[in-house]
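Trainee: Hi! I'm new to this one, could you walk me through it?
Mentor: Happy to. Here it is.

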Amino acid sequence: MPLLVDGRRVRLPQSAGDLVRAHPLLEERARLLRGQSVQQVGPQGLLYVQQRELAVTSPKDGSISILGSDDATTCHIVVLRHTGNGATCLTHCDGSDTKAEVPLIMNAIKSFSDHTQCGRLEAHLVGGFNDDRQLSQKLTHQLLSEFDRQEDDIHLVTLCVTELNDREENESHFPIIYGIAVNVKTAEIYRASFQDRGPEEELRAARALTGGPMISIYDAKIEQLRIGPYSWMPFPHVDFWLQQDDKQILENLSTSPLAEPPHFVEHIRSTLMFLKKHPSPANTLFPGNKALLYKKNEDGLWEKISSPGS
């Protein structure tokens, strides 16, 4: 069954702008979201989702109350929620394999409970801007098309993507919203930024930079974050890239050099250093080829727990 807005089937393909103009409620929700001030989200009760990761949980979770992600320029952050049981999935999509990723998002929500119970599936898409290479536009189109292809009715509640999330300054374009959070208990979605992107921020970023596919990182049933075991090939020419100046790194390793947040280059450098240090992670990062497991402690912060059998 199709993608719906206000109970009516969405006609695709059409741009995000045309879509909201046809549905004033959608336009109003995007306007309200853009108008919010950005909230700094602290680490307590937070599960931060990096690029090409997804996490799903529900209001029953005693450890996690907020899912969030930021640093999206051409990427889109997608929230899918079941209104009956409150199961909520947040993912950070970059267009690498949208066709495979949307079914993963759907299955993450469905695996959570009896899907036949009352309620409906609601989708929220945020991110992207009018970038020169039209990567955002392409990703918006892919996500809408793939959600429209799913068997279930999906109600599009928030669409604040590409031209709807664009601002112009000195003839350059930038996203308005770079990050969002969703409160799993109340279903509130709001503009957000995050100081703490852990645990294992560099390791998770390295997996994405080396082309790892979309993966689920959290097991809500036992309230554990599970990282790895991952493997990757040594990053090509890592020493060359580490010798380049900021301008070269921005122009070659970003999808949108002018629109990146200020810490982008530093983040790429630290990820490259990590890849240089760990060319084959199986041996150094995942002893015994076991996952790294984390749980929230009483203060709501991540704490490493020993792997089973170790």
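Mentor: One definition before we start: a helix axis here is a line fitted to C-alpha atoms over the stretch in contact, and angles run from 0 to 180 degrees between N-to-C directions. Also keep in mind that this is a predicted model.

Trainee: Got it. So at what angle do H3 and H4 pack?
Mentor: Helix H3, residues 98–110, packs against H4 at about 50 degrees, and the two axes are 9 Å apart. That angle makes H3 oblique to H4, because only angles of 65 to 115 degrees count as roughly perpendicular and those under 35 degrees as roughly parallel.

Trainee: And which residues of H3 and H4 make the contact?
Mentor: From H3 they are Thr98, Lys99, Val102, Ile105 and Met106, and from H4 they are Leu139, Gln142, Leu143, Glu146, Phe147 and Arg149. The crossing of H3 past H4 is right-handed.

Trainee: While we're on H4, is Ser145 buried or exposed?
Mentor: Ser145, which lies in H4, is buried, because its relative accessible area is 14% and buried means under 20%. A polar atom of the Ser145 side chain lies 2.8 Å from the backbone oxygen of His141.

Trainee: What about H7 and H8, at what angle do they cross?
Mentor: H7, residues 246–253, crosses H8 at roughly 85 degrees, and their axes come within 10 Å. That makes H7 roughly perpendicular to H8. On the H7 side the contact is made by Asp246, Ile249, Leu250 and Leu253, and on the H8 side by Phe264, Val265, Ile268, Arg269 and Leu272.

Trainee: Switching to the inside: which members of the largest nonpolar core touch the most others?
Mentor: Leu47, Leu67, Leu203, Tyr218, Leu225 and Trp232 do, in a core of 44 residues. Several elements supply at least two residues each, among them helix H2, strand E7, helix H5 and strand E18. H8 gives the most, with 6 residues.

Trainee: Which residues does Leu67 touch?
Mentor: Leaving out residues up to four places away in sequence, its contacts include Leu46, Leu47, Ala55, Cys89, Ile180 and Val182. There is also a second, separate core of 32 residues, with Val78, Ala87, Leu143 and Ile154 among them.

Trainee: You mentioned H5. Which of its residues are buried?
Mentor: Leu203, Arg204, Ala205, Ala206, Arg207 and Ala208. These buried residues pack against strands E4, E5, E15, E17 and E18, and against H8. Just after H5, Gly211 has a positive phi of about 90 degrees.

Trainee: Which peptide bonds are cis?
Mentor: Leu12 and Pro13 are joined by a cis bond, with omega about -5 degrees, and Pro13 is in the loop between strand E2 and H1. The bond from Gly198 to Pro199 is cis too, with omega near 0 degrees; Pro199 is in the loop between strand E14 and H5.

Trainee: Last one: what does Gly17 touch?
Mentor: Gly17, found in helix H1, touches Glu163 and Leu164, not counting residues up to four places away in sequence. Gly17 is buried, at 1% relative accessibility.

Notes:
Residues numbered from 1 in each chain as written. Predicted model: local features only at pLDDT ≥ 70, side-chain atom pairs only at ≥ 80, totals over all residues. Heavy atoms only, no water. Core = buried A, V, L, I, M, F, W, Y, C linked by side-chain atoms within 4.5 Å. Buried < 20%, exposed > 50% of the residue type's maximum accessible area, 1.4 Å probe, protein only. Helix = DSSP H or I, 4+ residues; strand = E, 2+ residues; numbered from the N terminus. Contact = heavy atoms within 4.5 Å. Polar contact = N/O pair within 3.5 Å; in protein donor to acceptor, adjacent residues only side chain to side chain. Parallel < 35°, antiparallel > 145°, perpendicular 65-115°, else oblique. Left-handed = near helix turned anticlockwise from the far one by under 90°.
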